Amino acid sequence: MVVRLQDVLIHFFCIGHNLFPVPIEDWVLPINFVSMEQLLARVEQYKNEIREAKAKTKEELEAFRIKYLGTKGLVKTIMGEMKTVAADQKKAAGQLLNEFKEFAESVYEQLLLSSDAHKEKTVDNIDVSLPGQPLPLGTRHPISIVQNKIISIFQRLGFSIAEGPEIEDDWHNFSALNLPEDHPARDMQDTFYISQEPAWLLRTHTSSVQIREMEKGQLPLRIICPGRVYRNETISARAHCFFNQVEGLYIAENVSFADLKQTLYFFVQEMFGTDVKVRFRPSYFPFTEPSAEMDISCLICGGSGCSVCKKTGWVEILGCGMVHPKVLENCKIDSNKYTGFAFGMGIERITMLSYQVKDLRLFSENDTRFLKQFTSAI
Ligand code: 2NL
């Protein structure tokens with residue numbers, strides 16, 4: 001019998017104050033420790049029981065698992081008795097119980113392997129003539145759908161795709177495009193510069209690709225430049241630090257503003273339907289002269305005025321203009337012989353208009369609940 005110090009103290013305290021003249025045997029509480037012998041006997045008994053157990057079906061297997069290995073199963077319960085093992089026997093008891101646990105687990109594994117559920121899956125049982133489970137098809141990203149549509153329209157007009165680097169130098173992104181040194185677009189706030197190499201930056205538009213194509217010196221040139229661009233913007237429902245653009249460029253002899261208008265009018269009719277109206281508003285870009293912005297009649301209200309068009313009946317979709325002679329000369333193109341037009345549009349903006357997406361951030365969050373809503377054959 002082992003005596004708790006606490007109980008002895010209580011005993012002396014009471015005697016000393018002569019409170020309870022009770023015989024000492026009644027005060028000392030015996031503690032029932034589980035002896036190794038008892039534990040061994042119980043483990044042996046459980047082991048026999050487990051050895052005898054049979055489980056063929058899925059349900060029987062699950063019943064076995066719950067009874068022996070579940071959270072309230074025998075293994076867990078007997079493990080819980082470790083706390084009533086005397087300190088000097090804890091090590092041996094721990095070993096015994098761990099072995100018991102491993103034994104129960106291995107029997108379960110064996111039962112699993114010889115069960116009907118397992119047999120169902122063996123090679124001999126496979127019926128190769130059964131039709132397969134349909135694999136869920138992914139969907140194309142809405143930005144890709146719209147980008148592909150834009151590209152294919154211009155390809156039908158003879159434009160070919162040109163691509164270029166996303167990390168650019170100042171010349172191709174700014175200087176060649178006639179952006180003066182003090183132009184606000186060069187400001188650190190708008191452009192991400194590479195900290196290890198400040199001469200490099202993340203392109204802010206795909207015009208840089210068009211500069212590279214013009215520098216190659218092969219004319220006439222009729223290209224479309226889709227791609228990701230970067231701007232140092234605070235992320236919100238209407239702005240992001242990266243987005244996608246499609247820019248277009250046509251350089252040849254005798255290209256006029258009429259060609260620009262007709263090309264973009266064709267694009268709008270193919271993209272949004274023949275009912276949609278267009279209008280051009282004068283604008284300013286350093287790389288085009290003259291410059292314009294193109295609006296289309298609001299797709300939502302048809303021009304009568306709603307929240308999307310801010311009650312004006314029109315929504316802006318792109319910027320355009322005749323390529324500035326300085327830009328041509330920067331690329332060693334004779335501006336007396338050649339003229340050209342260029343335009344640029346944000347794909348996110350067109351996608352938001354086409355599908356009535358209210359928040360730009362949805363395009364880059366990869367939430368499949370959003371993405372699953374788009375399907376496309378192309
Ligand atoms: C906009 C406006 C525009 C261009 C892009 C361009 C490119 C070269 C030369 C001249 Cl290489 N112009 N691109 C021209 C006018 C407008 O984009 O609002 N984009 C989202």
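Let me start with a term: a residue counts as buried under 20% relative accessible area, as exposed over 50%, and as partly exposed in between. Leucine 299 has a relative accessible area of 31%, so this residue is partly exposed. The model I am showing is a predicted one.

Leucine 299 sits in the loop between strand S7, residues 288-297, and strand S8, residues 314-323. Together with Ile300 and Val308, Leu299 makes a nonpolar surface patch of about 190 Å².

Now the chain overall. There are 14 helices and 9 strands. Of the 378 residues, 38% are buried. The accessible surface is about 22,700 Å², and carbon and sulfur atoms account for 55% of that. If we take contacts between residues at least 6 apart in sequence, 66% join residues at least 24 apart.

Which residues does methionine 345 contact, leaving aside neighbours within four places in sequence? They are Ile150, Phe154, Asn244, Gln245, Val246, Phe267, Ile317, Leu318 and Ile350. Ile350 is also one of the buried residues of helix H13, residues 347-355. The cover over the buried residues of H13 includes helix H8 (142-156), strand S5 (242-252), helix H11 (257-272), S8 and strand S9 (339-346). After H13 comes glutamine 356, with a positive phi near 55°.

On to charges. The count of salt bridges is 16. In one of them, glutamate 81 pairs with arginine 42 at 2.7 Å, N to O. Glutamate 81 is in the loop between helix H5 (74-80) and helix H6 (90-113), and arginine 42 is in helix H3 (residues 36-52), so the bridge ties together parts 39 residues apart in sequence. Glutamate 81 is buried at 18%, whereas arginine 42 is partly exposed at 26%.

Arginine 212 and glutamate 168 form another bridge, at 2.8 Å, N to O. This pair links helix H10, residues 207-215, to strand S2, residues 167-169, with the two partners 44 residues apart. Glutamate 168 is buried at 1% relative accessibility.

Last, arginine 279 and aspartate 295 meet at 2.8 Å, N to O. Arginine 279 lies in strand S6, residues 278-285, and aspartate 295 in strand S7.

Note on methods: Residues numbered from 1 in each chain as written. Predicted model: local features only at pLDDT ≥ 70, side-chain atom pairs only at ≥ 80, totals over all residues. Heavy atoms only, no water. Patch = residues over 30% accessible without salt bridge, like charges linked within 9 Å, V, L, I, M, F, W, Y side chains within 5 Å. Areas by Shrake-Rupley, 256 points an atom, 1.4 Å probe, with all protein chains shown as cover. Salt bridge = Lys/Arg side-chain N within 4 Å of Asp/Glu carboxyl O. Helix = DSSP H or I, 4+ residues; strand = E, 2+ residues; numbered from the N terminus. Buried < 20%, exposed > 50% of the residue type's maximum accessible area, 1.4 Å probe, protein only. Contact = heavy atoms within 4.5 Å.
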